[in-house]
Amino acid sequence: MSSSQLLAAALFLAAVLGGSNAQLSATFYDTSCPNISSIVQGIIEQAQNSDVRINAKLIRLHFHDCFVDGCDGSILLDNADGIASEKDASPNINSVDGFSVVDDIKTALENVCPGVVSCADILAIASQISVSLAGGPTWQVLFGRRDSTTAYQAGANSDIPTPLETLEQITQKFTNKGLDSTDLVALSGAHTFGRAQCRTFSHRLYDFNNSSSPDPTIDATYLQTLQGTCPQDGDGTVVANLDPSTPNGFDNDYFTNLQNNRGLLQTDQELFSTTGADTIAIVNQFASSQSEFFDAFAQSMINMGNISPLTGSNGEIRADCKRVNA
């Protein structure tokens with residue numbers, strides 16, 4: 001095989017294995033914006049003083065961004081001419097939050113490194129810092145993503161996992177993004193902190209699957225607690241802790257909760273309660289070893305952050321995360 005054929009084969013293999021991510025690098029901003037981590041951490045620490053949920057909100061933004069046309073900051077765009085915002089998609093509207101903190105981070109970075117750090121990379125580093133500040137693992141964030149010049153509201157409606165889906169449906173959505181069952185269980189572990197609105201799980205409490213009965217996989221005592229928080233036909237925007245034992249800390253209690261039938265969302269509990277599912281063993285593994293969960297979570301965050309980034313000359317570096325450059 002000639003050298004040109006070898007190169008072509010290598011490029012093809014790289015593309016199949018996610019070679020578009022090859023330009024992402026942990027050292028991408030070492031020269032152009034060396035203080036990015038400390039600047040972002042300072043903003044998030046300040047935000048924590050007024051919003052205990054900000055860590056969970058920021059990592060959710062990154063997740064919902066990456067699952068729609070890749071990690072390109074598209075979720076941050078407001079409605080504009082030719083842009084139907086992903087913020088108005090069903091999984092996001094009146095649900096995702098943290099945008100003002102992203103704007104604060106962007107402003108702080110623009111003051112120090114104007115036109116350098118993308119909004120997509122802000123979501124990646126903000127997620128890592130948010131998890132670390134809550135007691136979770138740290139990992140080496142890869143940088144070099146660029147920002148999209150459009151949004152994909154239809155993709156947000158179709159591609160983001162929802163709390164009303166079966167394990168089979170959720171697994172397919174992860175598979176579509178090149179993520180496996182370990183990624184699914186590990187990333188679901190982000191529900192070790194944060195809250196969920198009653199409207200996302202109340203269907204489990206009273207008339208599950210038109211059975212006139214609650215979801216049988218909910219622990220009876222936990223069911224009573226949830227019914228008290230979310231009465232039938234009550235306010236669907238009331239929130240409950242995703243992790244009832246340590247609601248604001250990042251640990252592996254989420255997985256022991258699942259073992260005890262105390263998963264809040266249908267998609268949480270199904271990881272453990274779906275007969276024959278390969279996710280059961282992974283839940284048990286993470287429940288028994290927080291360090292194994294932390295290691296897997298860090299790797300899965302890197303895997304998710306590598307979904308179809310815009311690099312090189314693709315996209316742009318937005319000056320304002322809410323709108324494309326003029």
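P161 is buried in the predicted model, because its relative accessible area of 15% falls under the 20% cut-off. The residue is placed in the loop between α6 (153–159) and α7. When neighbours within four places in sequence are set aside, the residues in contact with P161 are F63, F67, I170, K173 and F174. An unreviewed UniProt entry assigns the feature "binding site" to P161.

The largest pocket of the model was then examined. Its volume is about 1000 Å³, and its lining comprises 43 residues. Those nearest the centre of the pocket are R60, H64, S95, H191 and L265. Two or more lining residues are supplied by each of α3 (54–66), α7 (167–176), α8 (181–188), β1 (195–197), α11 (266–273) and α13 (290–305). Of these elements, α3 provides the largest share, with six residues.

Conventions:
Residues are numbered from 1 along each chain as its sequence is written. This is a predicted model: local features need pLDDT of at least 70, side-chain atom pairs count only at pLDDT 80 or more; totals for chains, interfaces and linings use all residues. Side-chain values use heavy atoms; hydrogens and water are left out. On a 1 Å grid over the protein atoms alone, a cavity is a set of points where a 1.4 Å probe fits but cannot get out, and a pocket is an open set with protein on both sides within 12 Å along at least five of seven lines; lining residues have an atom within 4 Å of a point. Grid points are joined across faces, edges and corners, and a volume is the space filled by probe spheres set on the points. Helices (H or I, at least four residues) and strands (E, at least two) are DSSP runs, numbered from the N terminus. UniProt positions are given in the numbering used here, feature names are shortened, and annotations may be inferred rather than shown by experiment. Buried means under 20% relative accessible area, exposed over 50%, partly exposed in between (1.4 Å probe, protein chains only). Contact means heavy atoms within 4.5 Å.
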